[in-house]
Structure formats: structure tokens, C-alpha cells
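Morning, everyone. Please have the model open while I talk. I'll go through it piece by piece.

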Amino acid sequence: MIEARGLARTFRRRKQEVHAVTGVDLDVAAGEIVGFLGPNGAGKTTTLRMLTTLLTPTAGTATVAGCDLLADPVGVRRRIGYVSQSGSTQPEALAGEEVVDHGRLYGMSTADAVARGRRLFTELDLEGLWERKPKAMSGGQRRRLDIAMGLVHEPGLVFLDEPTTGLDPQARANLWEHVRGLREERGTTVFLTTHYLDEADALCDRILVIDRGAIVAEGTPDALKSRVGGDVLTVTAARADRAGELARLVAGLPGAEPPQVHGDRVVARVPHGGSALVQLVRELDAAGIGVVGVESRRPSLDDVFLGLTGRSLREEGAPAALPEPEGALQ
Amino acid sequence: MSLPVATNSVARDTWTVFARAMRLSLRNPAWVVIGLTQPVLYILLFGPLLEPLSGQLGSGNAYQVFVPGILVQLGIFGALFVGFGLIAEWRAGVVESQRVTPASRTALLLGRVLRDVVVLLVQGTVLVLVSLPLGLRAPLVGVVLALALVALLGAAFSAVSYALALTLKSEDAFAPLLNAVVLPVLLLSGILLPMSLAPGWLQAVSDVNPLKHVVEGVRSLFDGSYTSATAWWGLGLTLAMAALGWWFGVRRFRRESS
């Protein structure tokens, strides 16, 4: 569905060259849901805007939905849907009319666009909102309306840019359901960007991690997590003054990495959480150290990101490669 | 995957964009009312001031001088402000969502410009009709030709306004720019009072303002002198501005929006 090689984009800002995307190779197969994960400013939106013909790459080639990005941008536009993070409808227009006009711009007849729009409103829980103005809709409804706009011409490939940013948890979970439905019900290929780990984890078959304009890792959420190696073991001592002893015991577990002590809590990475846990409990017993909590968990994508880039995805203040160009300004 | 039948054409896309824009304009009655009352207010509240000056204006009828001026003013300044609407649409993501469709880029601009021209023609017609009972006397052919010229002028300035709006993308930058341009152009165009009343140096300065010649061209159409050099100058300069405005506008809509 998507095949990109060496896609790069350089912006010129005040006579300085800014390399927003330095060379992205990516492949997306038909029917996949692929997540593009990275912090703000990593180059997610720039890559997406290149793949959707909104920005011309300064280098590289790509085939999107069977059409060459550079030679046949109109062919690409005809076959893809794009749901940008800045919205797609006039706040004062009527929702249904916006969808129909959008369909007409894709070459559909008014009757087809109305029929298709009505069906999408039903599928996306927007029933009864055909004559509602977008300004009078909730954030979740507006996002679903944007998705209806992007799907009106039945594209086989949909790009979603930060689909759940700014939504409350309920609306997010609801939107995820709809994104999954796209693939299950009509086999649509979905390419989405996100900086939420839980979103990538919950929704995507495969994740591409982008940082500072280049892809630094890719794989299924599980494969990426197993690349971190092992599980994260967290033990909480009953008395903080015995945390040191506890840490020595944890460090002695087979294959354990040097533990970190935070007050009464000891955290370490071990190859196999389950067996380490059993052994640790026995040794704690023998040493007479009381604990109030023992937990072994699979690494999160945040651990993955930290391992790959040395930075946490949650550090919003992290020195971003560059300000996300246009569109991110809201 | 199912592909829609490819029936995009510039004409069809233009119609879609035009109809959508027109619908949005009509749905906002405040705008329609303001758009229609403003020219009428000019005629009712400013026109009478000119009546005693008729002798000096070199015409037996003040409205024959004044109405063409107000028409040109509508064409230029009404059109120059349409960019504000586009900035709002750009911010709402509408411009980008239209740009990912296969629709012709020319149509995205032309549909909007045509809406502005229709609004302008309605305003201009109301203006002329209101002026008739007040004493405007002008040949019908002249009025029709004048409206056509003003429509072309309006199309030029609305294209320029959209191009500037897409370049600046901020009301805070757009408003001061318009204000900086509008006032001197207005004062040097003889829209409100003919430049023939001005001292020599001021006339010389206004001579380099193409809009002054357009205003005089429209006045000569109201006079019935369709083939006068003044009328031809007005037409020629309007065509030149329309070509420039169109080139600027299309270029901006084609260019990627980064």
C-alpha cells in the first residue's frame, strides 16, 4: 500500500536549513494498521504530509496506493483519505453538507455522496447530526466527522494524524473501536501517527518509531517490547532502611541489571520476570526481609523508546529536533 | 478497494466550491444585511453632501459622479477583505482537506472568487437602484458595462486577497497590511471626490494610481462615452490587474502549503 525510500524534507527557515525528515524508508501492506510513533517534532506530521501529497519531498521516492507520489499526485489523492489533526470542516457549515461537498470534490455524484455520507454517519455514531454545525459538536463528534470526511470516497488507505489528541479517555476508546472497525469491516489500510504509547499499543499491528527525522525502530508492539529485553521487576520493602539489603538480593538474581533504589522501592530489569519473582520471594523469606509489594511487568513502549533514543517519550520538554512545521500550530 | 468514478473537471469542481461558499455566505444573514446596507448608507448619507457641489464636479448630477466611485470602492475594498474568511477556513483545516482531494487547484480559487463576484454584483445592483430615485441618470448599457468592469476588478482583488491570506495565514498580519494599503489607495483614486478638484501636485501623484483611471473609466461609462480613451484605459488597466491577481492567486493555491 505504501512503499517509501529515502523520503526526506528540508525546510529553509531564515536562511538556515532544517532537516525535518532525513530519509524515511517504510513499507505498509494492504489491510495493516500501522502506527507512526514519536515525540512532538520528530517528523511524524512532515512525513505524513509528504505521503499525502501536501508537501513535496526534497529527496526520495514513494508509491502510495499504487501511484507514484511524484509523477501522479492526483492519482494518489484519488485513492487515499487524509484526516489531519487540524480538522476539516467549517464550524458554521452543516455537517452533512460538508461531507457531501467533500465527496463531490472526489468526483462523486451528489446522490452517491449523500448515500455514502448517511451510511458513514450511522457507522460512526453521528446519527441525527447531519444538520448540526461542527461548532455545536463535542470534540469526539468532530473527530468522527473528520473521519467521515476522510472516508466519504471509500479510500483503500487512510492517514490519520494524531486522531485522538485532545479527546477524553472515553471518546478515545470509542474512536479506537471505529479505527479497528475500518479494517475489520472494509479492509481499509490505516496509517496513523500518535505520541501516545497506549494508543499505538492498543491499536496497531506494527509500529514505526521515528525520532529526529529518521525511523529508529519498527516491529509489532510485542516485538519492540521484547527488544528491550526481559521484564521490569519492582519490589517495595516494608521498611525503607532495608531497601539496600533488598537491592543486593535483587542484584544477585540471574541476569539482573543493576537495580535502581527509589526510597523503599527497588526497580530492576530481569530476563524472566516469573522465575525471578519465585526465587526472590524464597530469598526474602530466608533473609527475613519484609516486603509490601512485588510486581513484574512487561516493558511498556515508553521503556522501548527510552532504550532506543535515550529519551523518554513523556518528556515533553525534551530537546525536540525542530518545531513541527505548520499544522502543528494550533 | 473501490474507486470512485473520476469525474473531476475544473468546471464541476468550481461549481462545487462556489455553491458551498455561496451557501455559507447566505446562511449568515448578518453578512448579507451588512453587505447590502453599507453601499446604501454611502448613497443616502454621503451623496447629499455632494449635491451642492454638482457645478464644480463638471456634471449636472452629483450621483453620476458619486455612484461609479462607490461601485469601484465596493469592487476593491469589499473584495480585499475576503481573505479573512479564508484564514478562518485555513485554521479550521478546510483548505488542507480540500487540497488532498483530486479537485483542481484552480477551482478551489475560482469557486470562491465567483462567489465574491456574485455578492459584488448584487450589492452593485442594489446601489444603482437605490440611487435612481435620488436623481441618478445614466444609460442602461453604461450601467451594465460598468458593473461588468467592477466585477472583473472585484475578481482581481479577491484573488489577491486570497493569495495574501494563504501567505500570511494570520489576521494579525493581514489586517495591518490591508489598512496600510487601503487608505492611501482610496484617497489617491478619486473615489469619493474626483481628482479634478485636487491641486496639481496631488493630481500628479494620483496619476500613477491605476485605480484612479479605473474610477474615471467607470464614470465615463455612466456618461455614455463607451469608446472614449478614458473608458478604454479603465478597461485595459482592469484587465491587467485581473491577470496579475489571477496569476498570484493560482500560484499560491498550487504551491504546497508549507
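Start with V181(B), which sits in helix α8 of chain B, residues 171-187. Keep in mind that this is a predicted model. Is V181(B) buried, exposed or partly exposed? There are 15 other C-beta atoms within 10 Å, so V181(B) is partly exposed. Being buried would take 20 or more, and being exposed 12 or fewer. Now look from V181(B) to V126(B). They are 55 residues apart along the chain, and their C-alpha atoms are separated by 27 Å.

Next, S170(B). You'll find S170(B) in the loop between α7 and α8 of chain B. S170(B) has 13 C-beta neighbours inside 10 Å, so this residue also counts as partly exposed. From S170(B) to W247(B) is 77 residues along the chain, with 22 Å between the C-alpha atoms.

Now a helix pair. Two packed helices are described by the angle between their axes and the distance between the axes. Take helix α3 of chain B, residues 62-80, and helix α6 of chain B, residues 105-134. Their axes are 10 Å apart, and the angle is about 160°. How do α3(B) and α6(B) run relative to each other? The cut-off is 145 degrees, and α3(B) and α6(B) are therefore roughly antiparallel. Their crossing is right-handed. Who makes the contact? From α3(B), the residues include Y63(B), I70(B), L74(B) and G78(B). From α6(B), they include D116(B), L120(B), L127(B) and L134(B). By class, this contact has 10 nonpolar, 5 polar and 1 charged residues.

Over to chain A, and helix α1, residues 44-51. How many residues of α1(A) are buried? The count is 8 of the 8, so this helix is largely enclosed by the rest of the structure. Among the buried residues are K44(A), R49(A) and M50(A). After α1(A) comes T53(A), and the phi of T53(A) is positive, near 75°.

Last, the two chains together. Chain A gives 34 residues to the contact, and chain B gives 30 residues. Which elements of chain A give two or more residues to the side that touches chain B? They are α2, 73-79, and α3, 95-105. The largest share on that side comes from α3(A), with 5 residues. By class, the chain A side divides into 12 nonpolar, 13 polar and 9 charged.

That's my tour. Questions, please.

Definitions and conventions. Residues are numbered from 1 along each chain as its sequence is written. Chains are lettered from A and ligands numbered from 1 in the order in which they are written. This is a predicted model: local features need pLDDT of at least 70, side-chain atom pairs count only at pLDDT 80 or more; totals for chains, interfaces and linings use all residues. Two residues are in contact if their C-beta atoms, placed from the backbone, lie within 7 Å. Helices (H or I, at least four residues) and strands (E, at least two) are DSSP runs, numbered from the N terminus. Ala, Val, Leu, Ile, Met, Phe, Trp, Tyr, Cys and Pro count as nonpolar, Asp, Glu, Lys and Arg as charged, and the others, Gly among them, as polar. Axes are lines fitted to C-alpha atoms, for helices over the stretch in contact, and angles run from 0 to 180 degrees between N-to-C directions. Angles under 35 degrees count as roughly parallel, over 145 as roughly antiparallel, 65 to 115 as roughly perpendicular and the rest as oblique. A crossing is left-handed if the near helix is turned anticlockwise from the far one by less than a right angle, and right-handed if clockwise.
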